Amino acid sequence: MIFTRLTRDVENAFRAARFISDHIIVAPNLDAALESCENAIIKAHQTHDSEAGTLREWFTEALGGAENADQLIQHCKRIEVQPDEIIVREGDPANSMHFILDGRVGIMVNGGSAPVRVRSLGPHTTIGEMGLITRQPRSATMQAELVSVLYELSASSYERIRRENPGLSHALMTYIITVMAERLSFANRAIGVLQR
């Protein structure tokens, strides 16, 4: 359980009553609370297999077969980014999508005076797929929160797949639709929680 934005008096009272423990955390704000939860989830699901093996396994499951996985890997470029490094900026042309193999990437939107982190994404997550398909400018900034390894599929490689490999193109589009449906479901649940 995580409490956020407690007044000093309430937090002191909780501590005096020994209500706050290892299982009950106090975070300074909602962003820090969410990051703590995300870190716990990512840590619980981290794998320690070899990079190539996990990428191929992920793509094999996502695309319905090892042949599709091997072909997609050939079209992707490996990128390693350091903490706080910007991967893409809000408003930039959407000329690629990324597959996060390892690490964590924050999704930031312009909040007026300062960027606001709306979500963090961990291993085996896809980002930038909507912009690649619609060719609309980036709707958010992607910034590495940890040392991260991503595989980038450029717009030109995506178009080449569409022209030359209908089987892989269909499998990739099916996967992208699944990812977008999951994101929409997540957004709907988040809106439902905020309306309570």
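Reader: Are Trp58 and Phe59 buried or exposed?

Author: This is a predicted model. In it, Trp58 and Phe59 are both buried.

Reader: Why is the pair of Phe59 and Phe99 edge-to-face?

Author: Planes over 60 degrees apart count as edge-to-face. The planes of Phe59 and Phe99 stand at 65°, with the ring centres 4.9 Å apart, so the pair is edge-to-face. The pair also links distant parts of the chain, since Phe59 lies in helix H3 (residues 51–63) and Phe99 in strand E5 (residues 96–102), 40 residues apart. Phe59 and Phe99 are both buried, and together with Trp58 they form one aromatic cluster.

Reader: Which residues have the most contacts inside the largest nonpolar core?

Author: They are Phe59, Leu63, Leu72, Phe99, Leu153 and Leu172, in a core of 23 residues. Two or more residues come from each of H3, helix H4 (66–75), E5, strand E10 (148–154), helix H6 (155–164) and helix H7 (166–195). H7 gives the largest share, six residues.

Reader: With which residues is Leu172 in contact, leaving aside its neighbours within four places in sequence?

Author: Leu172 is in contact with Leu63, Leu72, Phe99, Leu153 and Tyr158.

Reader: Let us turn to the strands. How many bridges join strand E6 to strand E7?

Author: Six bridges join E6 (residues 105–110) to E7 (residues 115–121), and the two strands run antiparallel. Val109, for example, has Val116 in E7 as its bridge partner. E6 and E7 form a hairpin with four residues between them, and Gly112 in the turn has a positive phi of about 90°.

Reader: In a regular strand, how are the side chains arranged relative to the two faces of the sheet?

Author: They alternate between the two faces. As a case from strand E7, consider Ser120.

Reader: Is Ser120 buried or exposed, and with which side chains does Ser120 make polar contacts?

Author: Residues under 20% relative accessible area count as buried. Ser120 has a relative accessible area of 8%, so Ser120 is buried. The side chain of Ser120 makes a polar contact of 2.5 Å with the side chain of Arg117, and another of 2.9 Å with the side chain of Glu145.

Notes: Residues are numbered from 1 along each chain as its sequence is written. This is a predicted model: local features need pLDDT of at least 70, side-chain atom pairs count only at pLDDT 80 or more; totals for chains, interfaces and linings use all residues. Side-chain values use heavy atoms; hydrogens and water are left out. Two strands pair if DSSP finds at least two bridges between them. Buried means under 20% relative accessible area, exposed over 50%, partly exposed in between (1.4 Å probe, protein chains only). Rings of Phe, Tyr and Trp (its six-membered ring) pair if their centres lie within 6.5 Å; planes under 30 degrees apart count as stacked, over 60 as edge-to-face and the rest as tilted. A nonpolar core is a set of buried Ala, Val, Leu, Ile, Met, Phe, Trp, Tyr and Cys residues joined through side-chain atoms within 4.5 Å. Contact means heavy atoms within 4.5 Å. A polar contact is a pair of N or O atoms within 3.5 Å; within protein, one must be able to donate a hydrogen and the other to accept it, and residues adjacent in sequence count only if both atoms are side-chain atoms.
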